[in-house]
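Reader: Hello! Could you pick one residue and walk me through its surroundings, starting from the whole chain? I'd like the cut-offs too, please.

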Amino acid sequence: MSSISLVKYKTWSAFVALFLTALPAALPAAEAVLPTFNQGWQSIPNTKIRAVCAGENGFPQVLGNSGCWSITGAWNGGVFDSRRNRLIVWGGGHNDYFGNELYAFNLDSLTLERLTDPGLPTASSCTPAIANGTQPNSRHTYDGIEYVTNLDKMFVFGGSLSCGAGNFGSDTWMYDFQTEQWERKNPSGPIPAGDAGMMTAYDSTSGLIYLHDRRHLYSYDASSDAYVRLSSDQVTIGYHMVGTIDPIRRQFVITGHDVVQGRGMVYAYDIDSGSDYDMRTLSTSGGGAIVNAAYPGLDFDPTTGKFLAWSEDSGSNVYSLDLGTNQWSVLSFSGGPTSVRNGTHGRWRYSPASGVFVVANDVDDDIYVFKASAGDFVRPNAPLDLTAE
Ligand SMILES: [Ca+2]
């Protein structure tokens with residue numbers, strides 16, 4: 001296995017074909033070599049981002065004031081590339097770190113790698129683009145990046161740009177995982193306000209990205225490059241919050257410590273057709289440690305129909321929110337990641353193929369996997385729209 005670079009194979013079918021040709025005949029099936037996970041927390045050896053961080057591996061000019069720590073610590077998020085079963089971590093920003101390179105942890109190979117080298121030269125001022133306009137400036141990415149499953153691209157909105165002032169961008173980019181190229185978008189429609197508080201989620205039903213700045217809910221259609229402002233009534237919510245979609249109940253849910261209210265809050269928008277897009281405050285119980293956290297990790301678990309959340313204030317506990325009862329439940333385990341500051345953002349994500357959550361807590365931590373249930377997980381069939389390249 002160690003001589004095979006699994007991540008070069010971009011599709012499940014190519015991936016399976018590799019196993020069938022590369023493995024000794026005595027090993028009968030691909031499932032025999034794919035990892036399975038135990039209930040609770042597991043750390044995956046040799047998966048520290050710092051070991052492959054660009055700033056300490058050939059690109060000292062991107063280190064900034066805080067160095068490689070910034071890739072997770074400087075308010076940066078992540079997305080889940082469900083086609084390749086891997087967590088993507090992306091961000092730097094402000095004066096902390098100037099690299100715009102991507103990192104990936106693959107749940108099938110259990111390896112972590114740097115996918116790209118940083119774009120050069122780095123920005124000399126607060127510009128959205130670098131490398132002759134072909135790549136985004138590095139930035140704190142917060143909850144402002146998402147994997148767009150139907151296009152196999154990563155969406156990026158705004159963030160605190162790499163420059164002395166750390167100005168907030170309001171630019172939109174897509175990273176194409178097939179061509180490994182960035183594209184700056186020129187969207188139509190009212191553009192959301194660039195700020196620390198933007199929250200995004202991809203909706204698998206509509207194929208749209210939903211984005212909330214601190215005033216309004218928007219949708220973004222990446223195919224037509226158009227934002228639409230969905231909410232009529234302006235709200236004022238604080239930052240330190242994250243947003244995620246319940247695709248079954250058709251809700252965009254926001255939670256975390258709201259600096260405007262001075263306490264943790266849970267908000268929701270109905271995103272089903274015919275919605276009035278009015279923001280509702282949900283009265284939930286039992287989730288104090290997660291609701292009050294700054295930038296918690298929050299993602300939907302389709303096997304239970306609940307949100308699962310983890311934050312730097314959670315210890316080894318994971319919190320589960322049932323939108324049917326508005327009740328949080330505590331899933332108590334041991335051996336989870338050690339707390340760091342500045343939030344988890346989108347670095348806590350669900351893997352549909354493996355049936356686990358995965359978190360990149362800190363560049364000096366190994367990757368952690370969390371499995372909520374004790375039973376075996378049956379790997380779903382590969383998506384039908386994948387073809388070999
Ligand atoms: Ca989100």
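Author: Among contacts in the chain with a separation of 6 or more, 57% join residues 24 or more positions apart; two residues are in contact if their C-beta atoms, placed from the backbone, lie within 7 Å. This is a predicted model, in which local features need pLDDT of at least 70 and side-chain atom pairs count only at pLDDT 80 or more, while totals for chains, interfaces and linings use all residues. Residues are numbered from 1 along each chain as its sequence is written.

The chain has 3 helices and 27 strands (DSSP runs numbered from the N terminus, helices being H or I with at least four residues and strands E with at least two). Of its 389 residues, 46% are buried, that is, with 20 or more other C-beta atoms within 10 Å of their own; exposed means 12 or fewer, partly exposed in between, and C-beta atoms are placed from the backbone.

Now to tryptophan 41, which sits in strand E1, residues 40–44. Tryptophan 41 counts as buried because it has 20 C-beta neighbours inside 10 Å. Leaving out residues up to four places away in sequence, tryptophan 41 touches Ser316, Phe333, Gly335, Gly336, Tyr368 and Phe370.

Beyond its neighbours within four places in sequence, valine 358 contacts Leu87, Phe105, Leu107, Arg349, Ser351, Ile367 and Val369.
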